[in-house]
Number of protein chains: 2
Amino acid sequence: MGKNLTKRSEDYSRWYNELVVKADLAENSGVRGCMVIKPYGYAIWEKMQAALDAMFKETDHQNAYFPIFIPKSYLSKEASHVEGFAKECAVVTHYRLKNSEDGKGIVVDPEAKLEEELIVRPTSETIIWDTYRKWIQSYRDLPLLLNQWANVVRWEMRTRLFLRTAEFLWQEGHTAHATREEAIAEAETILKVYATFAEDFMAVPVIKGTKTEGERFAGAEETYCIEALMQDGKALQAGTSHFLGQNFAKAFDVKFNNREGKQDYVWATSWGVSTRLMGALIMTHSDDNGLVLPPKLAPIQVVIVPIFREDAVLEQIRETVSPMIEALKKRGISVKFDDRDTQSPGFKFNEYELKGVPLRLAVGPRDLENGTFELARRDTLEKSVVQAAGIEDKIAGLLDEIQENIFEKARKFRDENIREVDTYEDFKKQIKGSGGFVSAHWDGTAETEDRIQKETKATIRCIPLNPEATPGKCILTGKPSPYRVLFAKAY
Amino acid sequence: MGKNLTKRSEDYSRWYNELVVKADLAENSGVRGCMVIKPYGYAIWEKMQAALDAMFKETDHQNAYFPIFIPKSYLSKEASHVEGFAKECAVVTHYRLKNSEDGKGIVVDPEAKLEEELIVRPTSETIIWDTYRKWIQSYRDLPLLLNQWANVVRWEMRTRLFLRTAEFLWQEGHTAHATREEAIAEAETILKVYATFAEDFMAVPVIKGTKTEGERFAGAEETYCIEALMQDGKALQAGTSHFLGQNFAKAFDVKFNNREGKQDYVWATSWGVSTRLMGALIMTHSDDNGLVLPPKLAPIQVVIVPIFREDAVLEQIRETVSPMIEALKKRGISVKFDDRDTQSPGFKFNEYELKGVPLRLAVGPRDLENGTFELARRDTLEKSVVQAAGIEDKIAGLLDEIQENIFEKARKFRDENIREVDTYEDFKKQIKGSGGFVSAHWDGTAETEDRIQKETKATIRCIPLNPEATPGKCILTGKPSPYRVLFAKAY
């Protein structure tokens, strides 16, 4: 049985959509724009959560939980925030259904209308800052470093599994600080956490930078971001960390007594990554045979497929591999022994390739005689015959090697696809062609940014952090520019 | 500084409400009926989640995630289910806000009305069984053993932190099986998992049983439950596991080819525990000084309070305890060294007593000289002076002892508060008096159950599993009854 997967070169977008479904990661539900995350996809997300959560805790953050509903009036308190979220939100207006008069169905009970409508949270700054007002009185209460793992809803019109869904899962950090400097340092700390996570766990190389004013989070003074490059030459924003200034403290009247005994507004940050990261993970590494997963996030790191006709052989194989499985599990390596007799080895090979299991071991009667395994790497598709003796060390070493290899491969691709361009002609050609990051001069105005976007669909993905001074001229207007910024078409 | 905590004997309900807030577990939010779970409370919930999740995985369950919204028509498909949930649900009717005409605020945009209203999930049977229809074709696809960790909303009118809130966090398992027997076995397996978790981790003794028809889950053929007894003599339902028969498979047309090649409807279970367990945990063990936490769920298991005036002494203490802290952490014991100089030792003692930290070590200049610590147990409030040498073993042993001790204490209380009663007179006296579980004969009819509830507020908490045949006469009607059932007033 083949995988019937569209090739990336034929239709990258279709390849992605098919892969997400065929690899059992997620699918669309009966509710417009909302996805079902299937067990295999959710197992990857759980591994991402566990790694990130440990990193948050190492940097002194604690988890908490705030209500899913936001009263309409809260949303309105920060002007640019409501502007950013009001146009696409789920509004709860009633709290009861009842039987219809004709007895044929159930309808909303008009008598159960809420006095004030509730919004299903698109993000939680407002409800959290309304709470922080009660928690913060003095500099002794600061910093307050909280995170929550939650679902959020944004009523997107055009949705795609993981990349853009009406409901998605994420974490949102919300911190409160006594000074501007501390808050900025926090936003930058988290940016580093995100970049480290993306590179060390997801094996996705990222560029750290800040957003232009037009691309900032609604209510932020500065938005930091990590940007990744997908195989089709489009960029993907993988995480953002916002310095919110005193905007939310002012909107929700959160003041504190500072060390000098004076009242001041509290400084804030917020930051988040979401199930969108699943999209980045898939699109960075996978190939025409299916998923390629970094070993650190693979729910199954090693699969063992027995080759057998008779049950007696299966039992021999089981006896041979059992001590190895135990030894691998002791090292924290997850192993699956697929002893199903309802599927052929070829079917299983295909299935685990599609699902991106990093290492596959096959063992049949001849291997039993020879004390060997057939070993296949998912990243390179290389096969080799290896000795059973010392195989645990070999496997542990190979998992590290695969993690490193797919990161290097992605980094090489990314680096080869950052191009400096100095004329608008070349810019348009590059964006229309193979895409990638285009490093170009920009005059710093929203007008130029908008016009470039309208004409090419490319946006400024970020202003790289601490850019070198490399004065030049804006590709569109020719006005002076102090350094290059990164443009790309983006997900 | 005292704790200003109402005594249990004065007002148990007020004691509970105060404790939840003062111990930093949770508080009410600005959204009616929705709580904020504070970091300390959430840390306990995280430990509960981790333990339960491991038990689910050991019993071959996988996690997944389904949409938060349920189309109104889905809810209507199972008749008793809609009956049970339609009267208290949050209904999303619109997907956009806009600026009001007078420019003074934001209002719901009447043009952004949903064609079909969406319900914020009160439970997920309907959306999940709508999905299972696509996943299940053959007996080879069964059993399907899934769980999700999620938030749910039920529009309760009278709410109390953790015990009854409009939004709460829970896990909901939803499994699909080829036979009736398998599904019943699954519901019973989960009941055992819940009981083991409650007793071994929460140190809360529970009684396993089944619900009467009137108390069953909306859509279930059988509801299994675990029931705990709180210190005020009221029962608390701590978890339920439902055998759903083929009700949802029929409502959502989920058929499969069985081993005989015939089409049949799939058999189902669902089961859940929620943040309500936090209420059970608090009310089972805590005392007039504050929380008492079982060591297995305590976010901080050991706190070390240095007694110092000069910084030099603090540094000496830090040097002395550092190797011990490292040694404890290596054993997986969580330790906090509270070196704040803004609070007195007495304040800290109070705080950790209020927060239920199982063991407290105090160390001052004299202890440094003598090589000793002052050790205080939260459960018994006993203090002793212990030698620093070998203290890690002592602490590990004591944590086990405390876990065991609070369970035994709760079990003794529970056992002393199960009383057999044979007349309605005695029944009413007992329920009005110290409460507890009243073991009594019942004629098996809903009418009798209802009348007893109306007259005494007591309900049948459960029919104990595999009841001994002990024929007798119903306390109310005198009709024959095959065995005793457990009545109580309940949360």
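Is B:Ser100 buried or exposed? In this predicted model, B:Ser100 has a relative accessibility of 14%, so it counts as buried, the cut-off being under 20%. The residue sits in a loop of chain B, the one that runs between strand S6 (97–99) and strand S7 (106–108). Its side chain makes a polar contact with the side chain of B:Asp102, at 2.6 Å. Setting aside residues up to four places away in sequence, B:Ser100 touches B:Gly105, B:Ile106 and B:Val107.

B:Ile106, together with B:Tyr65 and B:Leu97, supplies 13% of the area that chain B buries against chain A, more than any other three residues. As for the whole interface, chain B and chain A bury about 5,100 Å² between them, and 66% of that is on carbon and sulfur atoms. In terms of residues, 64 from chain B are in contact with 64 from chain A.

What kinds of link cross this interface? There are 28 residue pairs in polar contact between chain B and chain A, counting pairs with both residues at pLDDT 80 or more. On the side of chain B that touches chain A, the residues divide into 38 nonpolar, 11 polar and 15 charged. Salt bridges turn up here too, with 2 found across the interface of chain B and chain A. In a salt bridge between A:Glu46 and B:Lys57, the side chains meet at 3.1 Å, N to O.

Strand S5 of chain A (residues 91–94) pairs with strand S5 of chain B (residues 91–94), running in the antiparallel sense over 3 bridges. Within this pairing, A:His94 stands opposite B:Val91 of S5(B).

Another residue of chain B worth a look is B:Tyr74, which lies in helix H3 (residues 72–75) of that chain. B:Tyr74 counts as buried because its relative accessibility is 10%. Leaving out neighbours within four places in sequence, its contacts are A:Gly30, B:Thr126, B:Ile127, B:Asp130 and B:Phe252. A:Gly30, in that list, belongs to chain A. With B:Asp130 there is also a polar contact between side chains, at 3.0 Å. Along the chain, B:Tyr74 and B:Asp130 are 56 residues apart, yet their C-alpha atoms are separated by 8.0 Å.

Strand S10 (residues 167–177) of chain A pairs with S16(A) in the antiparallel sense over 8 bridges. Strand S13 (residues 235–245) of chain A also pairs with S16(A) in the antiparallel sense, here over 5 bridges.

A:Arg164 counts as partly exposed because its relative accessibility is 34%, whereas A:Glu156, at 15%, counts as buried. In another, the side chains of A:Arg340 and A:Asp338 meet at 2.9 Å, N to O. Here A:Arg340 is partly exposed at 28% relative accessibility, while A:Asp338 is buried at 2%. A further bridge links the side chains of A:Arg360 and A:Glu353, at 3.6 Å, N to O, and both of these residues are buried. Elsewhere in chain A, salt bridges with shared partners join A:Asp24, A:Glu27, A:Lys38 and A:Lys355 into one network.

Conventions. Residues are numbered from 1 along each chain as its sequence is written. Chains are lettered from A and ligands numbered from 1 in the order in which they are written. This is a predicted model: local features need pLDDT of at least 70, side-chain atom pairs count only at pLDDT 80 or more; totals for chains, interfaces and linings use all residues. Side-chain values use heavy atoms; hydrogens and water are left out. Buried means under 20% relative accessible area, exposed over 50%, partly exposed in between (1.4 Å probe, protein chains only). A salt bridge is a side-chain nitrogen of Lys or Arg within 4 Å of a carboxyl oxygen of Asp or Glu. Contact means heavy atoms within 4.5 Å. Buried area is the accessible area (1.4 Å probe) that two parts lose on being put together, summed over both. A polar contact is a pair of N or O atoms within 3.5 Å; within protein, one must be able to donate a hydrogen and the other to accept it, and residues adjacent in sequence count only if both atoms are side-chain atoms. Ala, Val, Leu, Ile, Met, Phe, Trp, Tyr, Cys and Pro count as nonpolar, Asp, Glu, Lys and Arg as charged, and the others, Gly among them, as polar. Two strands pair if DSSP finds at least two bridges between them. Helices (H or I, at least four residues) and strands (E, at least two) are DSSP runs, numbered from the N terminus.
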